[in-house]
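This report looks at charged pairs and at the surroundings of a ligand. Start with the model below.

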Amino acid sequence: MPKNGAAHLASLQDDRCVFIDGKRVENVTTDPAFRGAVASACALYDYQAAPENIETMTFASPKTGARVNKSWMMPTSHAELVARRVSIERWSAQTCGMLGRSPDHVASTFVGFRMGLDVFGANDPKRAAALADYFDYIRDNDMFLSYVIVNPQADKAKSASGQPDKNLVASIVDEDAEGVTIRGAKMLATSGILANEIMVSGFQALQQGDEDYAFTVAMPLATRGLKLLSRRSYEGAATSTFDYPLSARFDENDAVVVFDDVKVPWERVFVYRDLKMAQAQWHQTRAHVMQNYQSMIRLTQKLHFLLGLARKIADLNNIITYPQVREQLGLIAAKVANMDALVIAMEAKGEQFGQYFVPDRSLLCTAQVVAQTTYPEIVEAIRLLSGGGMIMVPSSHLDFAADETADIIARTQRSPVAGSHDRVKLMKLAWDAVGSEFGSRHLQYEMFYSGAQFVTRGNSFRFFDWDNAKTRVDDFMASYDLDVENKLNVAAE
Ligand SMILES: Cc1cc2nc3c(=O)[nH]c(=O)nc-3n(C[C@H](O)[C@H](O)[C@H](O)COP(=O)(O)OP(=O)(O)OC[C@H]3O[C@@H](n4cnc5c(N)ncnc54)[C@H](O)[C@@H]3O)c2cc1C
């Protein structure tokens, strides 16, 4: 049987070091700050293990034959790529696309690394062998990984080694026959609290002198010296599931990660003090493509959910007959369909990468750029359609329990298509999606998780086929010149 929720729940009951509100968390699976998100992660594994889903959600490990999640699959054809995408869609739909870093995200990163094993091997065969073994290990144990690949913000005009505190950014500070020692911090691990292992690496550009910061390693969350400092828990602040239905279940958490002299064995070191590989691992393999392809598939599921909210709000207030409202909904529907189309297009225009079939890189970069503006536009549309409706809701579910306030709710929460209970329920859900602290964090997430706009637009510039575009202009300009013009003039005379 594939990994199920109970197995994942048990795996999180280790001595990982998580801090929140000044205290160390004893057990993330029961703590009110995290238990809802943990349950949602476990529900994903239960979904894949349900007999009716096993075929769609899992495949047989090429090494052990055991069924593991399909995100570990390395597709060799368009059909396999699409089958893998369907499993990602199904998982994302379980959480309305709200778990940005569900287990299939970093699994997809490692699939991309593994597809480019030759790139690692040409550089350092030992590190490549470690990567190949680790990939088998995490796939065959169907592990949930998080990653930290961005440095804490500080002086952005200086590189990692140029920061006044040399130990701010995680770096290799020592090594011996067993492995390396990491000291310093990384910006944020989303879902780290829900995961089994964490990959530590760097996506940002490095310079000569930054060699100690140029590494990729992985380790269990419960490694000694590894500490997570959680941001505020929106789940912990949620007064009830009725009032905060998304915060209560899908607050995947983000945490600053600190490495207090963490020892990492050589078997888990994949890039070692190597400026060239620190960049090549993303773009010469297909890691960047595969991880962000997963993100785009996940985003389509979230956008369809938000589109449903927008439409239901319009129906609720009976504004759906107004041409301006239909136009607004038509516009956002087109933007959502555009994201669907980009996913299908990057598969249809996919390329052979060695023996593997992968999505088209330029279209993936296009989708990332478009997504960063589409998401805020959809959020704004929901706010515009709702007006004050998301705010004129009662303070909490408790107002339904007291006769006097229940009566006020019944008299004031009106709609031609829904009762007062259903009206409040929908508006509270919409607020949690786009307005609450949880909803607001999602806006920030979708705008930044794949890099600031200058990064995603830079990648779009880098991978676009400019030769093709320029050749069209050159070919056309070659079809006429001064003498041709003269001839035409002569002919006209
Ligand atoms: C909710 C959330 C979850 C996240 N989860 C993860 C995670 O799980 N793992 C992980 O590794 N990272 C994670 N991140 C970090 C994310 O990858 C970074 O936020 C992102 O790469 C942008 O980097 P930054 O935050 O340092 O912003 P910056 O790079 O500092 O950009 C902020 C702004 O500064 C300006 N700016 C900065 N540099 C330049 C420049 N060179 N040229 C022009 N303008 C510039 C731009 O206006 C830019 O929008 C997460 C972030 C968020 C918000």
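Glutamate 437 and arginine 232 join their side chains in a salt bridge, at 2.7 Å from N to O. Glutamate 437 sits in helix α17 (residues 437–448) and arginine 232 in the loop between β10 and α8, so the pair ties together parts that are 205 residues apart in sequence. Glutamate 437 is partly exposed, because its relative accessibility is 40%. Arginine 232 is also partly exposed, at 47%. The model is a predicted one. It holds 27 salt bridges.

| Pair | N to O distance |
|---|---|
| Glutamate 437 – arginine 232 | 2.7 Å |
| Arginine 231 – aspartate 251 | 2.7 Å |
| Lysine 263 – aspartate 176 | 2.6 Å |

Take the lysine 263 pair, with its closest N and O atoms 2.6 Å apart. Lysine 263 belongs to strand β11 (residues 254–265), while aspartate 176 is in the loop between β6 (171–175) and β7, so this bridge ties together parts 87 residues apart in sequence. Lysine 263 is partly exposed, with a relative accessible area of 41%. Aspartate 176 is partly exposed too, at 33%.

Are arginine 231 and aspartate 251 buried or exposed? Both are buried. Their salt bridge has its closest N and O atoms 2.7 Å apart. Arginine 231 lies in the loop between β10 (226–230) and α8 (234–237), and aspartate 251 in the loop between α9 (247–250) and β11, so the pair ties together parts that are 20 residues apart in sequence. The two residues also belong to a salt-bridge network with Glu252, Asp254 and Arg441.

Threonine 190 is in strand β7 (residues 179–190). It counts as buried because its relative accessibility, 7%, is under 20%. An unreviewed UniProt entry lists Thr190 under "binding site".

Which residues come nearest to the ligand? Of the 20 around it, they are Arg101, Ile149, Lys156, Leu188 and Thr190. Lysine 156 places a side-chain N or O atom 2.8 Å from a ligand oxygen. A polar side-chain atom of glutamine 153 is 3.2 Å from an oxygen atom of the ligand. Leucine 188 uses its backbone: an N or O atom there lies 2.9 Å from a ligand nitrogen. The protein covers 69% of the 950 Å² of accessible area that the ligand has on its own.

Notes:
Residues are numbered from 1 along each chain as its sequence is written. This is a predicted model: local features need pLDDT of at least 70, side-chain atom pairs count only at pLDDT 80 or more; totals for chains, interfaces and linings use all residues. Side-chain values use heavy atoms; hydrogens and water are left out. UniProt positions are given in the numbering used here, feature names are shortened, and annotations may be inferred rather than shown by experiment. Helices (H or I, at least four residues) and strands (E, at least two) are DSSP runs, numbered from the N terminus. Buried means under 20% relative accessible area, exposed over 50%, partly exposed in between (1.4 Å probe, protein chains only). A residue is near a molecule or strand if one of its heavy atoms lies within 4 Å of it. A polar contact is a pair of N or O atoms within 3.5 Å; within protein, one must be able to donate a hydrogen and the other to accept it, and residues adjacent in sequence count only if both atoms are side-chain atoms. Accessible areas come from the Shrake-Rupley method with a 1.4 Å probe; for residues, only the protein chains shown count as cover. A salt bridge is a side-chain nitrogen of Lys or Arg within 4 Å of a carboxyl oxygen of Asp or Glu.
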